[in-house]
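Student: Could we go through this chain together, a bit at a time? I'd like to begin with the overall picture.

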Amino acid sequence: MVEPRVEDIAEKGESFVALTGSQAACLQGLRFCRVSPTSDSGIWRVTDVTRVGVVAIDDVRLIVRPKTPLRSLIFMASYSGLQAEVDDASFAFEADQDLPAALASALIRAVGDATGRGMLKGYVSVEETGTVIRGRWDIARQLKVRPGIPVPVELTYDDYTEDVAENRILKAALRALVRLEQLPRRVVDKFGPLLGLFSEVSDLRVTGPVMLPAESRLNAHYQPALRLARWVLEATSWAHAEGASSGSAFLLNVAKVYEDFVGRVLQATLHPEGFDVDLQVSDWRLDTDGKIRMRPDIVISRQGRVVAVADTKYKVWGESDGSPPNADVYQALAYVVTAGVREVHLLYVSGDVEPRRYEIAATGTTVVAHAVDVSGEPDELVTRLKRLSATLVPAMALPPSVGIDR
């Protein structure tokens, strides 16, 4: 078997890779980057990358490595506000230098932890046809399906079973990873015993974004595994277009992982203090006719009044990068004017500068740019964001009993 040729693609900036015309068209067809020809025959320029991971096309393996440390990335992807502690052993993935292997290893461990005390069970409504009455005889369905025929009967009942949404999601993620070409054999071999646990669980057909079941006391121990499973299903849902080239793709939206993590930490931190933290608010309009839509990442309110707005930016912004990009500032101004607050916050991925404040005289408002350090130990990530939460909420909005360190 011929070893694939490996090409690295930068997550930021531009990269030059050797591809055939059909391979370049296949890469462009995945729509996570821009592919353009250069003056050198067979060399293509790759820019505007929006995902990280691995793409296999014929005999070429294209690797987009995240700028975020894998340890931090896996923790952010699995984070649940219900996690009380961080077990360092659960996030030791430095040895796995490629993202699919690291995420697969994390999911294997998380599913093992989730099912260690037994598979989650719940009541599921079942409709079936039988000769023995069990549950409720569905007369309306009986008359529709078999008018005038008493047997067999149409039944409806609640069954206490492992075939619940949580287990279907985990099974689907495990099966998706088994089919992935890029995983090393040492990782794939671990899937067999785990999939055996889900033999009585129905297959889940994933046709769009995966909606996780609401968190509850009963499924709290499943949350890290469910969150990892959701990202796995999204990353493996990318398919190559029909054509001369063949292969597979594992592409993770790290910007969305970062946004989700920041939002969930802020929810867990501020909700006990009497604040509501809404993520991806979709009903905001800039104009009076409601034609210009806006979708702020984070909206913090108290007693129905918006007190802070923030937007996550998965961009490195630091000491040498000057002021934030103009487009980001214009977007922030639209949020602050619509919300009627004095400040709006931009949360960049970086850790080398203090927050900078930009006073906008024309509107009497302030845009605050923060550099969020996502390196270090998992508990440090959470602590930094908890401290950040205090700077997002105006002092006048905080109740006297607030316990957040300023």
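Student: What share of the contacts in the chain with a separation of 6 or more is between residues 24 or more positions apart?
Tutor: Residues 24 or more positions apart account for 64% of those contacts, where contact means heavy atoms within 4.5 Å. This is a predicted model, in which local features need pLDDT of at least 70 and side-chain atom pairs count only at pLDDT 80 or more, while totals for chains, interfaces and linings use all residues. Residues are numbered from 1 along each chain as its sequence is written, and side-chain values use heavy atoms, with hydrogens and water left out.

Student: And how many helices and strands are there?
Tutor: The chain has eleven helices and 18 strands, taken as DSSP runs numbered from the N terminus (helices are H or I with at least four residues, strands are E with at least two).

Student: Which strands form the open sheet, and in what order?
Tutor: Six strands form it in the order 11-14-15-16-18-17, with mixed pairing, and two strands pair if DSSP finds at least two bridges between them. Strand 11 (276–279) and strand 17 (356–360) are the edge strands, each pairing on one side only.

Student: How do strand 14 and strand 15 run?
Tutor: Strand 14 (residues 298–302) and strand 15 (residues 305–313) run antiparallel and are joined by five bridges, with Ile-300 standing opposite Ala-308 in strand 15.

Student: What does helix 10 touch?
Tutor: Helix 10 (residues 326–339) packs on the sheet and touches strand 15, strand 16, strand 17 and strand 18. Its direction makes about 145° with that of strand 16, the axes being lines fitted to C-alpha atoms (for helices over the stretch in contact) and angles running from 0 to 180 degrees between N-to-C directions.

Student: Changing topic, where is the hairpin residue with a positive phi?
Tutor: Gly-42 takes a positive phi near 85° in the hairpin of strand 3 and strand 4, which has five residues between the strands. Strand 3 (residues 34–37) and strand 4 (residues 43–47) pair in the antiparallel sense over four bridges, and Pro-37 stands opposite Trp-44 in strand 4.

Student: Last one: how much of the chain is buried?
Tutor: Buried residues make up 48% of the 406 residues in the chain, where buried means under 20% relative accessible area, exposed means over 50% and partly exposed lies in between (1.4 Å probe, protein chains only).
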